[in-house]
Amino acid sequence: MGLECGEVKSHWAKLISNGAFTVRPQTPLTHAWMSMLNANLDEKWEALRAHPAPNQRCCITPEDMATGYPFKWAELGGEAFHVVQAYFNEHVVGGLPRWKTRPYRDQSTEELPMSQNGKKRQ
């Protein structure tokens with residue numbers, strides 16, 4: 001994208017949260033975002049193969065980063081998306097409807113709950 005960190009920081013008040021957002025598919029914004037992510041993944045592929053994530057929520061702490069895992073916590077999420085948002089800022093609109101919040105918990109290792117018809121939810 002060619003944006004420097006300072007340029008992205010200068011747009012901070014206009015950037016939407018990374019907690020929830022929707023995007024239209026197949027737009028210049030989504031192409032730029034996916035291209036950036038794929039380039040980052042390609043660049044770090046060998047390091048990723050050599051140093052897989054030590055845990056499912058890796059790379060928040062200095063201890064996690066010392067494992068050799070090549071990505072920071074937000075590198076493939078907010079850090080990349082904010083660069084794209086800053087570049088395409090005139091096409092980004094905030095204001096999703098509010099949703100019920102509840103404490104976050106990682107359910108990746110938990111049994112899926114049963115739906116009302118007795119089948120497991122997917």
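A residue counts as buried when its relative accessible area is under 20%, as exposed when that area is over 50%, and as partly exposed in between (1.4 Å probe, protein chains only). The structure described here is a predicted model, in which local features need pLDDT of at least 70 and side-chain atom pairs count only at pLDDT 80 or more, while totals for chains, interfaces and linings use all residues. Residues are numbered from 1 along each chain as its sequence is written, and side-chain values use heavy atoms, with hydrogens and water left out.

First, the overall picture. The protein has five helices and zero strands, where helices (H or I, at least four residues) and strands (E, at least two) are DSSP runs numbered from the N terminus. Read from that end, the elements simply go α-α-α-α-α. Of the 122 residues, 22% are buried.

Now to the charged side chains. Three salt bridges turn up in the structure, a salt bridge being a side-chain nitrogen of Lys or Arg within 4 Å of a carboxyl oxygen of Asp or Glu. One of them joins E75 to K44, with 2.4 Å from N to O. This pair ties together distant parts of the chain, 31 residues apart: E75 sits in the loop between α4 (62-65) and α5 (78-87), and K44 in the loop between α2 (28-43) and α3 (45-50). Both partners, E75 and K44, are buried.

Another salt bridge pairs E46 with R49, at 4.0 Å from N to O. These two belong to helix α3 and are three residues apart, so about one helical turn separates E46 from R49. Here the side of the story is exposure: E46 has a relative accessible area of 54%, so E46 is exposed, and R49 at 55% counts as exposed too.

There is also the salt bridge between K72 and E79, whose closest N and O atoms are 3.2 Å apart. K72 has a relative accessible area of 42% and is therefore partly exposed. E79, at 35%, likewise counts as partly exposed.
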